[in-house]
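Please read it with the structure open.

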Amino acid sequence: PWPSVEFSGISAPPGRSSWTDLPLTARSEAMASGGASGGAGSRRGSRASAGSPPDAAPWVPEFMEVPREEDDYRFAKSFDVDGPESHLEEAKAFFEEYGFAVFRSVLSAAECRATRDEMWTTLEGKVEGLDRRDRATWSKWKSRSFGMPGGREPVMSAQFLRNRQARRLHEACSLVLGGVTDLRVSHDRWAIYRPTELVPEAKTRPSLHIDFNPWHYVADAEDIADELRGLRYADGADLYRENNAIVRSMGRQIQCVVNLHDNEEADGGFQIVPGFHRRFDAWAAALGAMPADKRTTRSFDMGGFADLVARAQRVPMREGSVVVWDQRCAHGSRPNASSNFRAAMFCRMFDARRCFMDEPRARARALAVWRAVRAAGVAGEITGVGATVFGLHDLPPGEARELVEASAAGVAAPAPAPATRGDDGRGADERSIRDDAAA
């Protein structure tokens, strides 16, 4: 399903889906010789001079190389939400052109380590015999969900709730949404990709998709509005269900992946078709009428569109960085092909004023999140950002007083929980263990 492609005379070799799968050294040489990305001048990232092939459909975007960091070419260009105004304007312009932007240091190294520890603790509790410290057990986890924990229940553990109220994450999302600050954060899951050079059987399949129904989106389907208004969050499935229910009248919608390890090209993970948000309408119009069997779908597989697959590019990022993208962009993941782990958490933020958040839904959602916050033991750690993104201002009076009292009692939120299996004298975290094993 992942065809060979050709750009400016550079054909993908056997076993490679495109020139972007080539090792960085080979790609650098190709670019320097005037190949796939338009010559040496585009090594830092630019629209390809070759553009779209003459016979490409009008909805196929021109090939756009993902720009890299000036100081470390392993990673995609990133921005700092605490940078000067000119830097933030550059970030917004980048997002408008490419359909995504990377923001660095939204989580600290300690927060990333604590998050990974929660992920491994969950897995070790579910998978008999799995031990993060023992490479021989890593294949015991039989994941069929792109390295995710399975099921449709969002992860509501302590560190994930802390992460979702991170100031820098909120500011990154606010920036690309035009400065809106009254945002709600989604509650989703996570993924771990195991190092397939060490665990070949753990390799995931590639994916390219959009996380919504394109016909409903374009038509502003009232069915979606009714579905959202009707959510009462009796269980976590409603928090998951709202993520893919979007229509055009809701305005720009975004999604996020936060990297919890340094994630290099071969480590697998997030990929995107840069610029597709600007061609989405033309592509959706070309789909024609919605088939009857697609009425209830909430995602759309793009793997059959060879021209889009050929333009999909990995976005490698440093630990603690987030990639934020326009939900209209075709995106997905590539499998791991290295000796490194990939670890990531998923979320999105949305404008509370434009998502059919009437009072009954808002109150029910706030109560569901507040109960999860209390159950996780972090009620005293809710910040002002947290109260906003969790929607806790919509709590009924009794619960609202409880929130105020818990926050007053908490005063200063404690530091992230340490990695209990990594820093207790029994060994380092899983990446260090892998390094030791490889050595």
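1. Overall make-up. This is a predicted model. The protein chain holds 14 helices and 15 strands. Of its 439 residues, 57% count as buried.

2. The six-stranded sheet. Six strands form an open sheet with mixed pairing. Their order is β3-β4-β12-β8-β14-β6. The edge strands are β3 and β6 (190-193), each of which pairs on one side only.

3. Strand β4 and its neighbours. On one side, β4 runs parallel to β3 (residues 78-79), and two bridges join them. On the other, four bridges join β4 to β12 (residues 322-326), and this pair is antiparallel.

4. The crossover. β3, helix α2 (residues 85-98) and β4 make up a β-α-β unit. Its hand is right.

5. Side chains of β4. Which way do the residues of β4 (residues 100-103) point? Phe 100 and Val 102 point one way, while Ala 101 and Phe 103 point the other way. All four are buried.

6. The nonpolar core. The largest nonpolar core has 117 residues. Which of them touch the most other members? They are Phe 100 and Phe 103, both in strand β4. The largest share of this core comes from helix α11 (residues 359-376), which supplies eight residues.

7. Surroundings of Phe 103. Leaving aside residues up to four places away in sequence, Phe 103 touches Phe 79, Val 81, Ala 91, Ala 172, Leu 175, Val 176, Ser 321, Val 322 and Val 324. Ala 172, Leu 175 and Val 176 are among the buried residues of helix α5.

8. Helix α5. Why call α5 (residues 167-176) largely enclosed by the rest of the structure? Because eight of its 10 residues are buried, with buried meaning under 20% relative accessible area. Just after the helix, Gly 178 takes a positive phi of about 80°.

9. The five-stranded sheet. A second open sheet has the order β10-β7-β13-β9-β11, and its pairing is antiparallel. β10 and β11 (313-314) are the edge strands, each pairing on one side only. Within this sheet, three bridges link β7 and β13 in the antiparallel sense. Ser 207 stands opposite Ser 333 in β13.

10. The largest pocket. Its volume is about 1,100 Å³. The lining comprises 41 residues. Which of these lie nearest the centre? They are Met 148, Arg 189, His 209, Asp 211 and Tyr 240.

11. Elements around the pocket. At least two lining residues come from each of β7 (207-210), α8 (237-241), β8 (254-259), β10 (300-301), β13 (331-334) and β14 (342-347). Both sheets are represented: β8 and β14 belong to the six-stranded sheet, while β10, β7 and β13 belong to the five-stranded one.

Conventions
Residues numbered from 1 in each chain as written. Predicted model: local features only at pLDDT ≥ 70, side-chain atom pairs only at ≥ 80, totals over all residues. Heavy atoms only, no water. Buried < 20%, exposed > 50% of the residue type's maximum accessible area, 1.4 Å probe, protein only. Pairing = 2+ DSSP bridges. Right-handed = clockwise from strand over helix to strand, strands pointing away. Core = buried A, V, L, I, M, F, W, Y, C linked by side-chain atoms within 4.5 Å. Contact = heavy atoms within 4.5 Å. 1 Å grid on protein atoms, 1.4 Å probe; cavity = no way out; pocket = protein on both sides within 12 Å on 5 of 7 lines; lining within 4 Å. Points joined across faces, edges and corners; volume = space filled by probe spheres on them.
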